[in-house]
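Okay, thanks everyone for coming. I've got one structure to walk through today, so let me put it up.

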Amino acid sequence: MKTQIKIENCDIPYCVIHTSRESQSIKDIAEKISRMDESGRTAFLNGWDGDYCIQVKQSEIFRIYSADKKVFMEAEGKAASENLLVKMRLYEFEELAEKCGWTDFIRISNTDIVNFSKVTRLDMSLSGIIKVIFTNGKDAIVSRRYMNKIKDQLNMVKKSNKR
(Lines give C-alpha, C1' and ligand atoms only; values in the text may rest on other atoms or scores of the structure.)
Protein backbone atom coordinates (compact mmCIF):
# COMPACT_ATOMS: atom_id res chain seq x y z
CA MET A 1 0.00 0.00 0.00
CA LYS A 2 1.35 3.39 -0.95
CA THR A 3 1.44 6.06 1.78
CA GLN A 4 2.03 9.79 1.78
CA ILE A 5 2.32 12.40 4.53
CA LYS A 6 1.28 15.91 3.65
CA ILE A 7 2.22 18.81 5.94
CA GLU A 8 -0.45 21.51 6.04
CA ASN A 9 -1.99 23.91 8.52
CA CYS A 10 -4.81 22.07 10.34
CA ASP A 11 -5.95 21.88 13.96
CA ILE A 12 -6.45 18.12 14.14
CA PRO A 13 -4.57 15.58 12.01
CA TYR A 14 -6.83 13.55 9.74
CA CYS A 15 -6.41 10.74 7.27
CA VAL A 16 -7.93 10.29 3.82
CA ILE A 17 -7.87 6.93 2.04
CA HIS A 18 -8.02 6.97 -1.75
CA THR A 19 -9.28 3.74 -3.28
CA SER A 20 -10.99 2.58 -6.47
CA ARG A 21 -13.55 0.59 -4.46
CA GLU A 22 -14.54 0.09 -0.86
CA SER A 23 -13.65 -3.31 0.58
CA GLN A 24 -13.74 -4.87 4.04
CA SER A 25 -9.97 -4.54 4.41
CA ILE A 26 -10.15 -0.81 3.61
CA LYS A 27 -12.97 -0.42 6.16
CA ASP A 28 -10.87 -2.28 8.75
CA ILE A 29 -7.87 -0.02 8.11
CA ALA A 30 -10.04 3.10 8.37
CA GLU A 31 -11.52 1.86 11.67
CA LYS A 32 -8.07 1.14 13.13
CA ILE A 33 -6.78 4.58 12.12
CA SER A 34 -9.86 6.31 13.54
CA ARG A 35 -9.18 4.76 16.96
CA MET A 36 -5.59 6.07 17.16
CA ASP A 37 -4.35 9.16 18.96
CA GLU A 38 -1.47 11.30 17.67
CA SER A 39 1.13 8.93 19.15
CA GLY A 40 -0.24 6.06 17.03
CA ARG A 41 -1.74 4.23 19.98
CA THR A 42 -5.33 3.17 20.00
CA ALA A 43 -7.18 5.65 22.22
CA PHE A 44 -10.78 4.66 21.58
CA LEU A 45 -12.95 1.59 21.61
CA ASN A 46 -16.04 1.49 19.42
CA GLY A 47 -19.28 0.61 21.15
CA TRP A 48 -22.56 0.08 19.36
CA ASP A 49 -25.99 1.32 20.40
CA GLY A 50 -28.24 -0.16 17.72
CA ASP A 51 -27.08 1.40 14.45
CA TYR A 52 -24.99 4.08 16.17
CA CYS A 53 -21.26 3.64 16.71
CA ILE A 54 -19.99 5.53 19.75
CA GLN A 55 -16.27 6.00 20.29
CA VAL A 56 -15.33 5.70 23.95
CA LYS A 57 -11.94 6.68 25.36
CA GLN A 58 -10.21 3.83 27.17
CA SER A 59 -10.03 6.05 30.27
CA GLU A 60 -13.86 6.21 30.36
CA ILE A 61 -14.39 2.43 30.37
CA PHE A 62 -15.34 0.77 33.67
CA ARG A 63 -15.45 -2.78 32.43
CA ILE A 64 -15.84 -5.07 29.44
CA TYR A 65 -18.09 -8.06 30.08
CA SER A 66 -19.93 -10.84 28.30
CA ALA A 67 -23.61 -11.66 28.71
CA ASP A 68 -25.98 -13.64 26.48
CA LYS A 69 -23.08 -14.65 24.18
CA LYS A 70 -22.33 -10.97 23.42
CA VAL A 71 -19.65 -8.60 24.71
CA PHE A 72 -20.61 -5.25 26.25
CA MET A 73 -18.83 -2.18 27.55
CA GLU A 74 -19.86 -0.20 30.61
CA ALA A 75 -18.52 3.36 30.37
CA GLU A 76 -18.97 6.90 31.61
CA GLY A 77 -19.39 10.11 29.64
CA LYS A 78 -21.28 9.74 26.36
CA ALA A 79 -22.37 6.24 27.24
CA ALA A 80 -22.97 6.76 30.96
CA SER A 81 -26.37 5.11 31.17
CA GLU A 82 -25.83 2.62 28.39
CA ASN A 83 -24.11 -0.69 28.04
CA LEU A 84 -22.71 -0.62 24.53
CA LEU A 85 -22.19 -3.68 22.36
CA VAL A 86 -18.54 -4.36 21.52
CA LYS A 87 -17.86 -6.23 18.29
CA MET A 88 -14.99 -8.34 19.58
CA ARG A 89 -14.52 -11.20 21.98
CA LEU A 90 -13.07 -10.77 25.47
CA TYR A 91 -9.75 -12.37 24.54
CA GLU A 92 -9.52 -10.01 21.53
CA PHE A 93 -10.04 -7.05 23.86
CA GLU A 94 -7.29 -8.40 26.15
CA GLU A 95 -4.93 -8.60 23.16
CA LEU A 96 -5.90 -5.05 22.08
CA ALA A 97 -5.35 -3.70 25.60
CA GLU A 98 -1.92 -5.34 25.75
CA LYS A 99 -0.87 -3.98 22.33
CA CYS A 100 -2.07 -0.49 23.28
CA GLY A 101 -0.38 -0.48 26.68
CA TRP A 102 -3.64 -0.28 28.64
CA THR A 103 -2.18 -1.91 31.75
CA ASP A 104 -5.12 -1.00 34.01
CA PHE A 105 -7.37 -3.61 32.37
CA ILE A 106 -7.29 -6.87 34.30
CA ARG A 107 -9.47 -9.95 33.82
CA ILE A 108 -11.29 -10.81 37.05
CA SER A 109 -13.46 -13.68 35.78
CA ASN A 110 -14.34 -15.58 32.61
CA THR A 111 -16.91 -12.89 31.85
CA ASP A 112 -15.32 -9.64 33.16
CA ILE A 113 -12.33 -7.44 32.38
CA VAL A 114 -12.08 -4.46 34.72
CA ASN A 115 -10.37 -1.07 34.35
CA PHE A 116 -8.65 -0.77 37.74
CA SER A 117 -8.18 2.98 37.30
CA LYS A 118 -11.97 3.18 37.78
CA VAL A 119 -12.00 1.10 40.98
CA THR A 120 -12.44 2.98 44.26
CA ARG A 121 -12.11 0.05 46.61
CA LEU A 122 -11.98 -3.71 47.00
CA ASP A 123 -14.48 -5.18 49.45
CA MET A 124 -12.99 -8.26 51.09
CA SER A 125 -15.53 -8.54 53.92
CA LEU A 126 -17.10 -11.72 52.54
CA SER A 127 -14.92 -14.70 53.30
CA GLY A 128 -12.74 -15.57 50.32
CA ILE A 129 -14.52 -13.23 47.91
CA ILE A 130 -13.30 -9.91 46.51
CA LYS A 131 -15.91 -7.43 45.31
CA VAL A 132 -14.57 -4.68 43.02
CA ILE A 133 -16.41 -1.37 43.55
CA PHE A 134 -16.24 1.24 40.78
CA THR A 135 -16.31 5.04 40.98
CA ASN A 136 -19.91 4.96 39.68
CA GLY A 137 -21.02 2.78 42.64
CA LYS A 138 -21.51 -0.41 40.62
CA ASP A 139 -19.57 -3.56 41.43
CA ALA A 140 -18.25 -6.85 40.08
CA ILE A 141 -17.11 -10.06 41.76
CA VAL A 142 -13.63 -11.54 41.31
CA SER A 143 -13.87 -15.23 40.49
CA ARG A 144 -11.92 -17.64 42.70
CA ARG A 145 -10.01 -18.81 39.64
CA TYR A 146 -8.57 -15.30 39.12
CA MET A 147 -8.08 -14.43 42.82
CA ASN A 148 -4.32 -15.13 42.99
CA LYS A 149 -3.68 -13.41 39.66
CA ILE A 150 -5.48 -10.28 40.88
CA LYS A 151 -3.61 -10.30 44.19
CA ASP A 152 -0.29 -10.69 42.35
CA GLN A 153 -1.04 -7.85 39.94
CA LEU A 154 -2.14 -5.56 42.75
CA ASN A 155 0.81 -6.58 44.97
CA MET A 156 -1.52 -7.92 47.67
CA VAL A 157 0.33 -11.21 48.17
CA LYS A 158 2.46 -11.46 51.31
CA LYS A 159 5.98 -12.48 50.42
CA SER A 160 7.33 -15.28 52.59
CA ASN A 161 10.69 -14.65 54.23
CA LYS A 162 13.15 -17.12 52.76
CA ARG A 163 16.49 -17.51 54.47
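I'll go from the overall layout to the strands, then the cores, the pocket and a few single residues.

A quick word on where this comes from: it's a predicted model, where local features need pLDDT of at least 70, side-chain atom pairs count only at pLDDT 80 or more, and totals for chains, interfaces and linings use all residues. Residues are numbered from 1 along each chain as its sequence is written, and side-chain values use heavy atoms, with hydrogens and water left out.

So, the layout. The chain has three helices and ten strands. Going along the sequence, you read α-β-β-β-β-β-α-β-β-β-β-β-α. There are 163 residues, and 33% of them are buried. Buried here is under 20% relative accessible area, exposed is over 50%, and partly exposed is in between, with a 1.4 Å probe and protein chains only.

Now the strands. When I say two strands pair, DSSP has found at least two bridges between them. As a reminder, strands of a sheet pair through backbone hydrogen bonds, either parallel or antiparallel.

Start with β1, residues 44-49, and β2, residues 52-57: they're antiparallel, with six bridges. Asp49 sits opposite Tyr52 in β2. The hairpin they make has two residues between the strands, and Gly50 there has a positive phi near 65°.

Ile64 is across from Met73 in β4. Then β4 goes on to pair with β5, antiparallel again, through four bridges, and there Met73 faces Leu84 in β5. How much of β4 is buried? Five of its six residues are, so the strand is largely enclosed by the rest of the structure.

The β3-β4 turn deserves a minute. It's a hairpin with two residues between the strands. Asp68 is in that loop, and its phi is positive, near 55°, in a residue other than glycine. Lys69 lies in the loop between β3 and β4 too, and has a positive phi of about 60° although it isn't a glycine. Are they buried or exposed? Asp68 is exposed, at 75% relative accessible area, and Lys69 counts as exposed at 88%.

Further along there's an open sheet of three strands, in the order β8-β9-β10, with antiparallel pairing. The edges are β8, 119-123, and β10, 139-142; each has a single partner strand, so one side of each is left without a neighbour in the sheet. Neighbouring strands are turned by 25° against each other on average, direction ignored; those angles use axes fitted as lines to C-alpha atoms, for helices over the stretch in contact, and run from 0 to 180 degrees between N-to-C directions. Between β9, residues 130-134, and β10 there are four bridges, and Ile133 is opposite Asp139 in β10.

On to the cores. A nonpolar core is a set of buried Ala, Val, Leu, Ile, Met, Phe, Trp, Tyr and Cys residues joined through side-chain atoms within 4.5 Å. The largest one has 19 residues, and Leu45, Ile64, Met73 and Phe93 touch the most other members. At least two residues each come from β2, β3 (61-67), β4 (70-75), β5 (83-86) and α2 (90-100). The largest share, five residues, is from α2. Apart from that core there's another, of 14 residues, including Ile106, Phe134, Met147 and Ile150.

What about pockets? The largest has a volume of about 790 Å³. A pocket, on a 1 Å grid over the protein atoms alone, is an open set of points where a 1.4 Å probe fits, with protein on both sides within 12 Å along at least five of seven lines; lining residues have an atom within 4 Å of a point. Grid points are joined across faces, edges and corners, and the volume is the space filled by probe spheres set on them. There are 17 lining residues, and closest to the centre are Gln4, Ile5, Cys15, Val16 and His18.

Last one: Ser143, in the loop between β10 and α3 (147-153). At 22% relative accessibility it's partly exposed. Ser143 and Ile108 are 35 residues apart in sequence, but 6.2 Å apart in space, C-alpha to C-alpha.
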